[in-house]
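Q: I'd like a close look at one part of this protein, the open sheet and the helices packed around it. Could you take me through it?

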Amino acid sequence: MFYPIMLKIENKLIVVVGGGQVAHRKVKKLLEFGGTVRVVSPKIIDEFKDLQKEYKENIEFIYDIYNKKYIKDSHLVIGATSSRNINEEIARDCNSLNILVNIVDSKDDSDFITPSIINNDNLTISISTLGSFPYLSKKIRIDMEKKYKKFDKEYMIILEEIRRITLDNYSHKTKEIMDKALELDIVDLKEFLKELEK
Ligand SMILES: C[C@@]1(CC(=O)O)C2=NC(=C\c3[nH]c(c(CCC(=O)O)c3CC(=O)O)Cc3[nH]c(c(CC(=O)O)c3CCC(=O)O)/C=C3\N/C(=C\2)[C@@H](CCC(=O)O)[C@]3(C)CC(=O)O)/[C@H]1CCC(=O)O
Ligand SMILES: NC(=O)c1ccc[n+]([C@@H]2O[C@H](COP(=O)([O-])OP(=O)(O)OC[C@H]3O[C@@H](n4cnc5c(N)ncnc54)[C@H](O)[C@@H]3O)[C@@H](O)[C@H]2O)c1
């Protein structure tokens, strides 16, 4: 079983072992969410160079095969090599060091797994099939991206304001106001906020 949580990873060191497509996908997301990432792999695919340009001091490369010494100071580890044996060794080392680990070719060896993510600043949606069919998570993400497109940063900031005013001044009709707010487009939502502020 996996318990879903939202992790604050800013200024936390996360080690990703492996430098292929899968490692790249995981590293990109970790950087987008503010993590500091150490990539350990004798070889990396070219796409990592773009991440280095964009995230500079937040990404470090160690061009070596996996060694336990590279994970000792980390908060999380992702084992994303193409070798079953190495991935298993990473899982064992993490268990002995009490570091939470994700192993990309084995949910059984993983303490955590990565969901598919929609990240619209103030709205994060994560989807998981708990490993049973990751491609379905991806399909649902693409569907939901379309469905909830209007909840962008600007919309969410106004919603937060509406919520605050509602809880402070209209606590007797919270649900009615919140239901209405969610139906509006951004122009009408701004008008609605002005009315509530009167
Ligand atoms: C959601 C997403 C997030 C991400 O990676 O960031 C993610 N996998 C994605 C895509 C994807 N993965 C695979 C395919 C090819 C089709 C297929 O094989 O099904 C595709 C589709 C594609 O790439 O198009 C292959 C695959 N995946 C795993 C195994 C090993 C195994 O089954 O044991 C194998 C076989 C490897 C092999 O061939 O040997 C395992 C895991 N993959 C997970 C996450 C975790 C479960 C989360 C969940 O169930 O939702 C878990 C358990 C561990 C983990 O990685 O944390 C991301 C979509 C991101 C997006 O675009 O939205
Ligand atoms: N979880 C997922 O979403 C998902 C999706 C597809 C595949 N997979 C699994 O992930 C694995 C990796 O996939 P990929 O496409 O990135 O493979 P890949 O072959 O492109 O990359 C593997 C990487 O591992 C590195 N590596 C190999 N031995 C190493 C060692 N001893 N120490 C450090 N690094 C080492 C290689 O240098 C390479 O960069 C596959 O074997 C597959 O089983 C997982």
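Q: Across which strands does helix α3 (residues 84-97) lie?

A: Helix α3 lies across β1, β4 (76-79) and β5, running at about 165° to β5. A quick word on ground rules: this is a predicted model, where local features need pLDDT of at least 70, side-chain atom pairs count only at pLDDT 80 or more, and totals for chains, interfaces and linings use all residues. Residues are numbered from 1 along each chain as its sequence is written, chains are lettered from A and ligands numbered from 1 in the order in which they are written, and side-chain values use heavy atoms, with hydrogens and water left out.

Helices (H or I, at least four residues) and strands (E, at least two) are DSSP runs, numbered from the N terminus. Angles run from 0 to 180 degrees between N-to-C directions, with axes being lines fitted to C-alpha atoms, for helices over the stretch in contact.

Now the sheet itself. It's an open one with five strands in the order β3-β2-β1-β4-β5, and the pairing is parallel; two strands pair if DSSP finds at least two bridges between them. β3 (59-62) and β5 (100-103) sit at the edges with a single partner strand each, so one side of each has no neighbour in the sheet. On average, neighbouring strands here are turned by 20° against each other, direction ignored. Take β1 (residues 13-17) and β2 (residues 36-40): they pair in the parallel sense over five bridges, and L13 has T36 as its bridge partner in β2.

Helix α2 (residues 47-55) lies across β2 and β3, at about 140° to β3. Helix α2 also packs with α1 (residues 21-32), at an angle of about 15° and with the axes 10 Å apart. That makes α1 roughly parallel to α2, a label for angles under 35 degrees, while over 145 is roughly antiparallel, 65 to 115 roughly perpendicular and the rest oblique. On the α1 side, the contact (heavy atoms within 4.5 Å) is made by Q21, A23, H24, V27, K28, L31 and E32, and on the α2 side by E47, F48, L51 and Y55. By class, the residues of the α1 contact with α2 divide into six nonpolar, two polar and three charged. Here Ala, Val, Leu, Ile, Met, Phe, Trp, Tyr, Cys and Pro count as nonpolar, Asp, Glu, Lys and Arg as charged, and the others, Gly among them, as polar.
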